[in-house]
Amino acid sequence: ATRVLIAGQVALSLVLLVAAVMFVRTMSNLQAVDLGFSTRNVLTMSIDPVVSAPAASTSPIAGEPGADLGASAVRSRERIWTLLLERIRAMPAVRSASLSVLTPLSGRDSGTFVAVAGFRPRSDDDRVVHVNHISEDYFRTFGIPLRAGRVFTPRDAGADKVVVINEAAAKAYFAGRSPIGATLRLGETSIHRVVGVVRDSKHMNVREEAPRFVFVPVWQPVDTITRITLAIASDQPASTLARAVTDEVRAIHSRTLVSDIVGVQDQVDATVVSERLLSTLSTSFAALAVGLAAIGLYGVLGYSVASRRAEFGIRLALGSPQRRVAWDVMRGALLQVALGLAIGLPGALASARAAQGLLFGVTPTAADIYLVSTAVL
């Protein structure tokens, strides 16, 4: 019965070892994914200028058109945004700053209907495209390279309506032809001209394929903008930069609400927190199971050897080689381990297939993982 228990411990250890290796490899694969944008020293924060009441007297824009109750709230916000970008970009150690409704891997999304001449939707999903309203320097801030055409400039604020699309949208809507200069319709009547194509990047999570995206100048909104995010690329530590930028925002407009201050790398880490937890827990449980199996096997062998000391003495006295006596003991141990492996391999395979949805870049039948786990045991 004790030997059967040891075999069961070995089988459980194998199942947990295989799971641990698969989840560790999944975590490694996720960390190696090319996100399509830079996470290095980029800080984001939501800003919401409260313009429904007169600005405080300390505001640099107090007294200007748009700063009082009778002015357009939209134009007032745009004035604050413009001044904010100018001041933030002038700060020491700030490489770039931009405004956008969405930021990569923030968990927020926005979309609208799209129509392109020559493109026939095959499903309802083809009729919808993801939309992000951005200021100039957005692609520079997040390190998203330009593939064709150009990015937005300040001159686009008062010009014809323009958009930049990503590679996925260019491939889907303009297959076999250049999208630069072509037009597309967003919503019901908003016609925009494509001026650039940028590289694909992850949006909602690391596992997804890059979705089709249209980038619209924040000064030419397709929909009403109710929330805007400021992104700053800087060489300063995040904590120092956050305090300095918050003070600058409040100095520009004291009634601006600042929230959700977070680094882009932290947002990336948050999208894989469940995978990291699974990797850590499975590794810990696997180590515990292997340790228990080793202790159990050692105990059984120790008891077996102690109870057979007289037998070993007689065999050695009759001339039996020491190696043969030792091999008899080891063979019994190896048989228990082999029995455990025979039970554990099907169980490990079944568990891996059941957890296939949690894996990334790993197949449940990866032979090298089973060989490594078996060799460890």
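Biologist: Which residues touch the most other members of the largest nonpolar core?

Modeller: In this predicted model, that core has 51 residues, and Ile-47, Ile-88, Phe-215, Leu-230 and Val-245 touch the most other members. Ile-47, for one, is in contact with residues including Trp-81, Leu-84, Leu-99 and Leu-230, leaving aside neighbours within four places in sequence. Apart from this core lies another, of 25 residues, among them Leu-14, Leu-297, Val-300 and Ala-348.

Biologist: How do you know that the length of helix α2 agrees with what it should span?

Modeller: The expected span is 1.5 Å times one less than the number of residues. For the 17 residues of α2 (residues 73-89) that comes to 24 Å, and the end C-alpha atoms are 24 Å apart, so the two agree. Among the buried residues of α2 are Trp-81, Leu-84 and Ile-88, and their cover includes β1, β2, β10 and α5.

Biologist: Why is the contact of Arg-127 with Asp-124 called a salt bridge?

Modeller: The cut-off is 4 Å between a side-chain nitrogen of Lys or Arg and a carboxyl oxygen of Asp or Glu. Here the closest N and O atoms are 3.9 Å apart, inside that limit. Asp-124 counts as exposed at 60% relative accessibility, while Arg-127 is partly exposed at 41%.

Biologist: What does the salt bridge of Arg-212 and Asp-126 tie together?

Modeller: Their side chains meet at 3.0 Å, N to O. Arg-212 lies in the loop between β8 and β9 and Asp-126 in the loop between β3 and β4, so the pair ties together parts that are 86 residues apart in sequence. Arg-212 is partly exposed at 22%, whereas Asp-126, at 7%, is buried.

Biologist: How many salt bridges does a search of the whole structure find?

Modeller: The search finds 19. Another one joins Glu-275 and Arg-207, also at 3.0 Å, N to O.

Terms used:
Residues numbered from 1 in each chain as written. Predicted model: local features only at pLDDT ≥ 70, side-chain atom pairs only at ≥ 80, totals over all residues. Heavy atoms only, no water. Core = buried A, V, L, I, M, F, W, Y, C linked by side-chain atoms within 4.5 Å. Buried < 20%, exposed > 50% of the residue type's maximum accessible area, 1.4 Å probe, protein only. Contact = heavy atoms within 4.5 Å. Helix = DSSP H or I, 4+ residues; strand = E, 2+ residues; numbered from the N terminus.
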